[in-house]
Amino acid sequence: MKIAIVTDSLTHLTTSDLERYPYVYYGYLNVIVNDQTYVEHKEINNKELFNLIDSGASYSTSQPSPDVFVQIYEQIKDEYDYILSLHCTPKVSGTVNAARIASTMVDGLEGRISVIDLNTASIGEENIIIKVCQLIDEGKSLDELLKVIEFYRNHTTLCLVIDDLNTLVKTGRLSKTAASIGNLLNIKPIIGLVDAQLDVLDKVRTKKRVLKWMVEHLKEEIEKSGKQIVRLTYSNDLELAQELKKLMEEACGDQAEVHVGNEIGPVMAIHFGRGGVGACWMPDQYKI
């Protein structure tokens, strides 16, 4: 069976992964700056975005319309036997709902597509999708792939650190007073997904303690469920992500397979600002 994967641009696979898995297709999210819409990755990058923000521009984000996914499904439906449309949790973006609507608008897809909320976002999506791609290449059945996806929907940890609390003020998630105090005390909120919704997991001071927190929580997960596949992302601070990778490998040895992926894209960057780092881990071995 020939299977395609459709996802959203929050996944942001590396160029080498996209070349390795040519059956992965994107529906792109948008950044809106001064009422002008830009397709992330294609029409605007983080540097351009932050230059506009620094100049005082207004900004927001929007999900793809169902028409975006209709075009993708129409494009690939005759080439593939089945489509796995895998997307971020709707508590972060409504993209999966747009994909569901689109799947009902394309003739000939009935029984040939599954639109799935992965219960995570960003590198959490990336981790699951790459695992599924590996299993597709191994020739696993569709039934097994669906069971694997369901397993990882419920066994994936995602945490992100915000370096500049003013970002949370601009997106309406924190008061100016709280941000001022937090920045003064060098407090770094660690944001994670709780019941598929972004929430504050902890608050620590200094980047060094942030990295220690992530390493310790990864070690705890290894003790519970064995070897973990880890993917890291960052915002304007590749060195921080590389430092975290080194610390994880030193602390966990061969029980952690750690990858540094792409920098987060403009849509995520709007919410998390500059200087942050993110980590996702999930068990290497699945149980179905």
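**Cysteines, sheets and a helix**

A: The sulfur of C159 lies 8.5 Å from the closest cysteine sulfur, that of C280, which is too far for a bond. Keep in mind that this is a predicted model.

Q: How many disulfides does the structure hold?
A: It holds 0 disulfides.

Q: Is C159 buried or exposed?
A: C159 is buried, with a relative accessible area of 1%.

Q: And C280, buried or exposed?
A: C280 is buried, at a relative accessible area of 0%. C280 is also the bridge partner, in β13, of R231.

Q: Which strand does β13 pair with, and in what sense, parallel or antiparallel?
A: Strand β13 (residues 277-283) pairs with β11 in the antiparallel sense, over 7 bridges.

Q: How many residues of β11 are buried?
A: For β11 (residues 228-234), 7 of its 7 residues are buried. Q228, V230, L232 and Y234 are on one side, with I229, R231 and T233 on the other, and both faces are covered.

Q: What about β11 and β12, parallel or antiparallel?
A: β11 and β12 (residues 256-260) run parallel and are joined by 5 bridges. One of the pairs is I229 with E257 in β12. Between β11 and β12 the chain passes through helix α10 (residues 238-252), and this β-α-β crossover is right-handed.

Q: Changing topic. What is the strand order in the open sheet of 4 strands?
A: The order is β2-β1-β6-β7, with parallel pairing. β2 and β7 (113-117) stand at the edges with a single partner strand each, so one side of each has no neighbour in the sheet. From one strand to the next the twist averages 20°.

Q: How many bridges join β6 to β7?
A: 5 bridges join β6 (residues 82-87) to β7, and the two run parallel. H87 has D117 in β7 as its bridge partner.

Q: Which strands does helix α4 touch?
A: Helix α4 (residues 95-103) packs on the sheet and touches β1 (3-8), β6 and β7. The direction of α4 makes about 165° with that of β7. Helix α6 (residues 142-153) also packs on the sheet, touching β1, β6 and β7, and its direction makes about 5° with that of β6.

Q: How far does α6 reach from its first C-alpha to its last?
A: α6 has 12 residues and reaches 16 Å, close to the 16 Å expected at 1.5 Å a residue.

Q: Which residues of α6 are buried, and what do they pack against?
A: The buried residues are L142, L145, V148, I149, F151, Y152 and R153. They pack against β1, β6, β7, α5 (123-137) and β13.

Q: What does G27 touch, leaving out residues up to four places away in sequence?
A: G27 touches T7, D8, S9, P64, V68, F69 and I72.

Q: Last one: how far apart are G27 and T206 in space?
A: G27 and T206 are 36 Å apart, C-alpha to C-alpha, and 179 residues apart in sequence.

Methods: Residues numbered from 1 in each chain as written. Predicted model: local features only at pLDDT ≥ 70, side-chain atom pairs only at ≥ 80, totals over all residues. Heavy atoms only, no water. Disulfide = S-S within 2.5 Å. Buried < 20%, exposed > 50% of the residue type's maximum accessible area, 1.4 Å probe, protein only. Contact = heavy atoms within 4.5 Å. Pairing = 2+ DSSP bridges. Axes fitted to C-alpha atoms, helices over the stretch in contact; angles between N-to-C directions. Right-handed = clockwise from strand over helix to strand, strands pointing away. Expected span 1.5 Å × (residues − 1).
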